[in-house]
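Let us walk through this structure, from the ligand to the chain interface and then to the backbone.

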Amino acid sequence: MDADPTVVALGEDLGRGGVFGQYRDAEGVPLVKRFGPDRIIDTPISESTIVGAAVGMALAGIKPVVELRVVDFALCAIDEVVNQAAKNRYMFGGQGRVPTVMRMPIGIWSASAAQHSQSLEAWFAHIPGLVVVTPGTPADNHGLLLSAIASGDPVVYMEHKELWPTTGPVTLGEAVPLGKARVARAGSDVTIVSWSRQVQACLDAAEQLAAQGVQAEVIDLRTLWPWDKEAVLNSAAKTGRLLVVHEAIQVAGFGGEIAATVAEHTHAKVARLGAPRIPVGYAPVLEEEARVGPAKVLAAALKLLQR
Amino acid sequence: MPDLLSLYRTMVRIRAFEDAAEISSQGGVAAWGKQASDKPALVRGPLHLSTGQEAVAAGVCAHLKPADLLTSTHRGHGHTLAKGADATKMMCELFGRATGYNGGKGGSMHIADFSVGMLGANGVVAAGLPIAVGAAQGLKIRGQDAIAVCFFGDGAINRGPFMEALNWAVVYHLPVLFVCEDNRISATTESAAMTAGPGASARASSMGIAAVQVDGTDAQAVSEAAAELIREIRAGSGPRLLHALTDRHKGHVSVDPGLYRDPAAVAAALARDGIARARARLVEQGLGAQADQVDQAAKAEIDAAVATATAAPPPDKAAAYTDIQNTGAGVWA
Ligand SMILES: Cc1ncc(C[n+]2csc(CCOP(=O)(O)OP(=O)(O)O)c2C)c(N)n1
């Protein structure tokens with residue numbers, strides 16, 4: 001926002017700094033103090049118009065960053081996301097550009113139950129016109145956000161709620177390109193592909209595999225669209241085994257896309273791991289059922305290694 | 001204030017465009033009880049005609065500058081022409097040609113000319129309202145001396161985005177004119193049965209938005225009301241709403257003969273046709289010859305547009321893969 005006066009942010013509760021504190025500076029001061037209410041815009045609870053207005057702002061020369069709090073509420077603006085923002089450039093033959101970043105946090109948010117815990121990234125990856133970003137580290141969050149704002153087209157930006165408190169080194173101003181995966185751990189026996197919060201679960205599982213003499217290569221996709229096919233295909237061809245892990249529901253998820261692509265292009269054995277097709281429950285036991293933790297990753301990897 | 005002859009010219013151009021588009025859409029598939037014919041339709045898909053509603057587009061857009069921004073509905077040809085778009089490029093778009101405004105990617109329902117501030121017709125009822133308030137907010141943030149205008153139908157006021165957009169415009173004190181084209185019907189349903197209360201202007205008033213009702217078949221009346229509202233908006237009043245009572249002469253889409261409508265109501269609508277009434281007034285004022293010239297010029301213009309569109313090339317197949325998004329470049333390109 002310092003570098004580009006046309007960048008604004010809008011959404012509910014931004015004046016207070018955002019419900020996750022994501023619109024505060026390093027000292028915890030709400031950004032509205034620095035940029036004023038014309039650039040950090042507090043909005044009514046009007047999701048359709050938050051996104052619709054962002055489309056209009058973008059068409060009038062602004063680069064809005066839209067806050068939707070959780071992806072679940074973005075569904076109240078699904079027309080504006082899918083039919084308006086994503087289609088504008090194509091439908092109008094390139095006359096319009098909608099440089100908008102729509103932040104829609106994903107994932108289980110402890111005891112928040114079925115309407116605040118969904119991981120709907122596959123829905124948006126399905127839509128031409130949308131870039132889908134799923135950072136897993138503070139540095140990637142900073143760098144991918146810079147690329148998303150610079151990209152000039154609608155970006156669905158999905159942070160995992162459980163990653164908000166994560167700390168880590170960040171180089172200010174260092175952009176991370178969209179569509180380039182990160183090898184989070186090198187290995188030769190099995191490839192585990194994941195993104196966002198689940199990368200950590202995969203790294204934990206990889207530690208346990210290492211204790212059993214199995215070297216897993218963990219790939220953090222960083223962005224689901226575009227996704228780094230080359231990195232995944234190369235690794236799967238090298239290890240001969242691919243496991244895709246996501247917190248989203250397994251069936252009809254983005255893991256299926258990756259597994260199918262790897263099966264089409266390599267001889268690797270493929271497997272998917274995601275949540276069962278159930279809403280996220282409130283009670284801890286129900287919530288845990290939907291969670292894809294290190295133990296489930298470990299079990300799925302061992303099963304794949306036996307095939 | 002624009003004179004009657006120039007309002008008449010805009011209306012006649014829109015009518016000629018709609019008539020030509022309608023003829024070009026006949027043929028092809030079976031729909032709405034009509035048989036399929038061998039003749040391929042040159043304009044394909046749903047074609048929503050604004051025939052009968054020309055006075056609203058003409059009267060409002062006469063007061064807009066190129067820098068002013070406009071969003072529209074599924075019935076957007078008239079608004080686009082009145083905002084200054086080129087009829088030939090529009091017809092090419094309806095014909096799905098590479099030379100159309102959207103390179104053939106949008107067609108009638110997405111007709112647009114961003115170069116004159118016309119940000120697009122929309123296939124989703126009420127979707128233009130939030131986009132218009134955002135456009136107005138963008139203009140305000142950038143300190144630009146321009147306003148946004150939003151056309152929508154009487155059916156649109158029953159969707160959430162209508163309420164959201166009006167509220168939003170008040171909250172941020174935005175330079176936006178909402179224009180309800182109230183033709184009292186939504187697709188095939190009489191709106192009155194579906195709408196609580198007296199409609200758009202009453203709902204606007206309840207949110208503190210000054211609203212004016214006007215005879216939307218009378219271009220001069222629309223023009224006068226719009227002029228005052230737009231003057232107030234440019235002076236910093238915040239949002240205003242114009243509630244224009246108008247008539248849809250045709251069915252919902254071009255292939256719809258509208259048989260469900262009350263014949264007496266349709267006859268009454270045709271009898272108060274704004275173009276015929278404007279023409280009679282011009283003749284009264286001794287401007288009959290000028291009106292004839294306007295008619296001929298419009299017909300020649302639109303005939304030429306159809307000829308150009310018929311001969312124009314279709315888009316390249318490769319265009320299907322362009323203008324979708326940046327996938328990975330990370331920079332505006
Ligand atoms: C959200 C949405 N719901 C339904 C439709 C189908 N539809 C297209 S036009 C229309 C009627 C709209 O009526 P109105 O707003 O009064 O405009 P008019 O057609 O009378 O100009 C409907 C229901 C749609 N396009 N979008």
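Ala, Val, Leu, Ile, Met, Phe, Trp, Tyr, Cys and Pro count here as nonpolar, Asp, Glu, Lys and Arg as charged, and the others, Gly among them, as polar. With those classes, the shell around the ligand divides into 5 nonpolar, 7 polar and 3 charged residues. Keep in mind that this is a predicted model.

Start at the ligand. Which residues come nearest? Of the 15 residues around the ligand, they are His74(B), Arg75(B), Gly123(B), Gly155(B) and Ile185(B). Now look at individual atom pairs. His74(B) places a polar side-chain atom 2.8 Å from an oxygen atom of the ligand. How much of the ligand does the protein cover? On its own the ligand has 590 Å² of accessible area, and the protein covers 72% of that.

Move on to the contact between the chains. Chain A contributes 48 residues and chain B contributes 47 residues. About 3700 Å² is buried between chain A and chain B, and carbon and sulfur atoms give 62% of this area. In chain A, the residues that lose the most area to chain B are Tyr90(A), Phe92(A) and Gln95(A). Together they account for 18% of what that side buries.

Polar pairing comes next. Between chain A and chain B, 18 residue pairs are in polar contact, counting pairs with both residues at pLDDT 80 or more. Which elements of chain A give two or more residues to the side that touches chain B? They are strands E1 (7-11) and E2 (40-42), with helices H2 (47-59), H4 (78-85), H5 (88-91) and H7 (138-150). H2(A) provides the largest share of that side, 10 residues. By class, the side of chain A that touches chain B has 22 nonpolar, 18 polar and 8 charged residues.

Now for the charges. Side chains of opposite charge can pair when their charged atoms come close. Across the interface of chain A and chain B there is 1 salt bridge. Asp323(B) forms a salt bridge with Arg89(A), and their closest N and O atoms are 3.0 Å apart. Over all chains, the whole structure has 31 salt bridges. One joins the side chains of Arg89(A) and Asp153(A), at 2.6 Å from N to O. Arg89(A) lies in helix H5 of chain A and Asp153(A) in the loop between H7 and strand E6 (155-157), so this pair ties together parts 64 residues apart in sequence.

Finish with the backbone. Most residues other than glycine have a negative phi, and most peptide bonds are trans. Asp323(B), the salt-bridge partner of Arg89(A), has a positive phi near 60°. Asp323(B) sits in the segment after helix H11 (288-311) of chain B. Ala113(A) is not a glycine, yet its phi is positive, about 65°. Where is Ala113(A) found? Look in the loop between strand E4 (101-103) and helix H6 (121-125) of chain A. The peptide bond from Trp225(A) to Pro226(A) is cis, with omega near 0°. Pro226(A) has its place in the loop between strand E10 (223-225) and helix H9 (229-239) of chain A.

How values were computed
Residues are numbered from 1 along each chain as its sequence is written. Chains are lettered from A and ligands numbered from 1 in the order in which they are written. This is a predicted model: local features need pLDDT of at least 70, side-chain atom pairs count only at pLDDT 80 or more; totals for chains, interfaces and linings use all residues. Side-chain values use heavy atoms; hydrogens and water are left out. A residue is near a molecule or strand if one of its heavy atoms lies within 4 Å of it. A polar contact is a pair of N or O atoms within 3.5 Å; within protein, one must be able to donate a hydrogen and the other to accept it, and residues adjacent in sequence count only if both atoms are side-chain atoms. Accessible areas come from the Shrake-Rupley method with a 1.4 Å probe; for residues, only the protein chains shown count as cover. Contact means heavy atoms within 4.5 Å. Buried area is the accessible area (1.4 Å probe) that two parts lose on being put together, summed over both. A salt bridge is a side-chain nitrogen of Lys or Arg within 4 Å of a carboxyl oxygen of Asp or Glu. Helices (H or I, at least four residues) and strands (E, at least two) are DSSP runs, numbered from the N terminus.
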